[in-house]
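This report covers a ligand site, the packing of some helices and a few features of the backbone. The structure is shown first.

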Amino acid sequence: TGAGGADPTGVGGSNPTGGGGSNPTGGGDTTLVGVETPGEDCPVPNMPSFGELKAYDKLHDPFTMMDGTKVTTRAQWVCRHREISELVQHWETGPKEVKKATVKGSFAGGKLTINVSGGAQNVSFSVSISLPSTGSPPYPALIGLSNGSLDNNHLKQMGVAIINYDHNGVQPESDRSGGIFSKFHGNAESGALIAWAWGASRIIDALESTPDAQIDPKRLAITGCSRNGKGALMVGAMDSRFALTIPQESGSGGVAAWRVSEVDNKGQTGSAGVQNLTRTYGEQKWFSKTIEQFGSAVTKLPLDHHQLVSMVAPRGLLILGNLNYEWLSTNNADQAGGAARLVYEALGVKQNIGYVDSGHNHCGTDYKNGEQAAIDAFVKKFLLNDASANTDVWKPKNELDKAKWVEWTAPTIP
Ligand code: MCU
């Protein structure tokens with residue numbers, strides 16, 4: 001499946017600290033990278049009804065399966081990863097439905113066209129690819145939702161191609177049945193975030209089978225800011241072929257934990273305070289209708305976004321926050337990021353998750369607090385195969401408040 005070669009990123013191949021590949025000591029599939037959906041063959045539990053859910057006001061233990069089993073091995077974590085994916089899709093976004101698609105790519109004039117068949121209707125969309133000024137093909141690439149909001153010229157000078165993903169063409173955020181995702185799936189009612197994730201996965205399928213595009217499908221990153229940062233996180237969580245995920249200022253519905261947003265908002269309404277679940281649900285059709293019922297019962301959600309974030313482990317993840325906007329907040333994401341970092345630590349790759357909170361214009365590149373240096377380090381390590389890049393970057397405004405949010409301890413997963 002595509003070019004690439006040795007993976008120096010610590011997350012693939014036979015690297016024992018990073019996952020990937022099959023486990024020679026037996027005990028199930030241990031693949032966490034290089035496939036769209038880890039744990040495809042794991043049993044998927046039946047979901048309870050809304051009425052059966054129990055309120056829980058802390059962040060759930062990522063390491064306890066729905067049936068109560070404690071995760072202690074990598075193979076168990078792979079199945080828990082799948083379970084978390086199912087929880088997200090069932091309660092928050094609606095289904096991604098990965099299996100149906102047959103994808104063919106074609107490349108001409110700087111544009112990759114992605115033709116998808118096998119669903120209710122055949123659909124196609126295209127993305128533009130801007131090659132870097134240095135390096136040699138196949139190039140690593142950063143896929144940006146609406147081009148992302150990073151300094152793309154700088155990244156191109158580093159040797160990274162930029163792929164402009166018009167995700168709203170796959171599904172507009174204003175209409176759950178208004179895009180090609182819905183056409184392909186036969187009037188699906190999934191939210192935009194998962195539709196965007198589906199579209200991004202089909203881009204990878206097309207890159208894997210279209211060497212003419214000169215992109216290395218094993219060295220891909222995804223980014224976006226604000227609402228597109230919510231999208232970038234969902235894309236990176238829902239496809240373990242992404243080597244690097246950079247959600248920027250994603251706020252509620254993105255990296256932020258719903259429970260923390262609700263508490264920090266202190267009951268404020270309208271446009272005041274911290275955006276919470278109700279106001280995220282109401283603003284755009286980012287999620288499916290199923291999540292609405294949790295607006296007045298956030299503590300009944302049987303998951304939270306520290307678990308969505310943890311799905312990116314052990315792959316590269318750089319979370320960027322902005323201190324200037326109460327509506328976005330940072331504490332809600334600081335807490336989720338801190339809890340997810342415990343999953344990275346359990347997998348032995350604490351340095352693969354980074355975090356920078358800084359104050360600047362919303363989605364701007366007037367960076368502070370070493371933000372560009374952090375971006376460069378993650379790009380070097382995960383896209384440019386530079387194992388010496390130091391990604392040990394952890395600068396949230398607030399550290400994880402364990403006493404308030406966490407009742408569990410992380411295992412060491414061999
Ligand atoms: C952080 O992303 C959103 C935020 O959730 C919305 O409430 C606000 O209206 O827009 C932000 C955004 O996407 O800004 C570009």
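A crossing of two helices is called right-handed if the near helix is turned clockwise from the far one by less than a right angle, and left-handed if the turn is anticlockwise. The model discussed here is predicted.

**Helix packing**

Two packed helices are described by the angle between their axes and the distance between the axes. By the definition of handedness, the crossing of H5 and H6 is right-handed. Helix H5 spans residues 192–208 and helix H6 residues 227–238; their axes come within 8 Å and cross at roughly 55 degrees. H5 and H6 are therefore oblique to each other, since angles under 35 degrees count as roughly parallel and those from 65 to 115 as roughly perpendicular.

H6 also meets helix H1 (residues 74–93): the axes of H1 and H6 come within 11 Å and cross at roughly 140 degrees. That angle makes H1 oblique to H6, because roughly antiparallel applies to angles over 145 degrees. The crossing of H1 and H6 is left-handed.

**Ligand site**

Which residues are found around the ligand? They are Ser226, Arg227, Lys230, Glu249, Ser250, Gln275, Glu283, Trp327, Leu328 and His362. By class, this shell divides into two nonpolar, four polar and four charged residues.

| Residue | Distance from a polar side-chain atom to a ligand oxygen atom |
|---|---|
| Ser226 | 2.6 Å |
| Lys230 | 2.7 Å |

**Backbone features in loops**

Where are the cis peptide bonds described here? One joins Pro137 and Pro138, with omega about -5 degrees. Pro138 sits in the loop that runs between strand S3 (123–130) and strand S4 (139–145). Another cis peptide bond joins Ala313 and Pro314, and its omega is about 5 degrees. Pro314 belongs to the loop between helix H9 (305–310) and strand S8 (316–322).

Asn147 has a phi near 75 degrees, which is a positive value in a residue other than glycine. Asn147 is placed in the loop between S4 and helix H2 (152–158).

Technical notes. Residues numbered from 1 in each chain as written. Predicted model: local features only at pLDDT ≥ 70, side-chain atom pairs only at ≥ 80, totals over all residues. Heavy atoms only, no water. Near = heavy atom within 4 Å. Polar contact = N/O pair within 3.5 Å; in protein donor to acceptor, adjacent residues only side chain to side chain. Nonpolar A, V, L, I, M, F, W, Y, C, P; charged D, E, K, R; others polar. Axes fitted to C-alpha atoms, helices over the stretch in contact; angles between N-to-C directions. Helix = DSSP H or I, 4+ residues; strand = E, 2+ residues; numbered from the N terminus.
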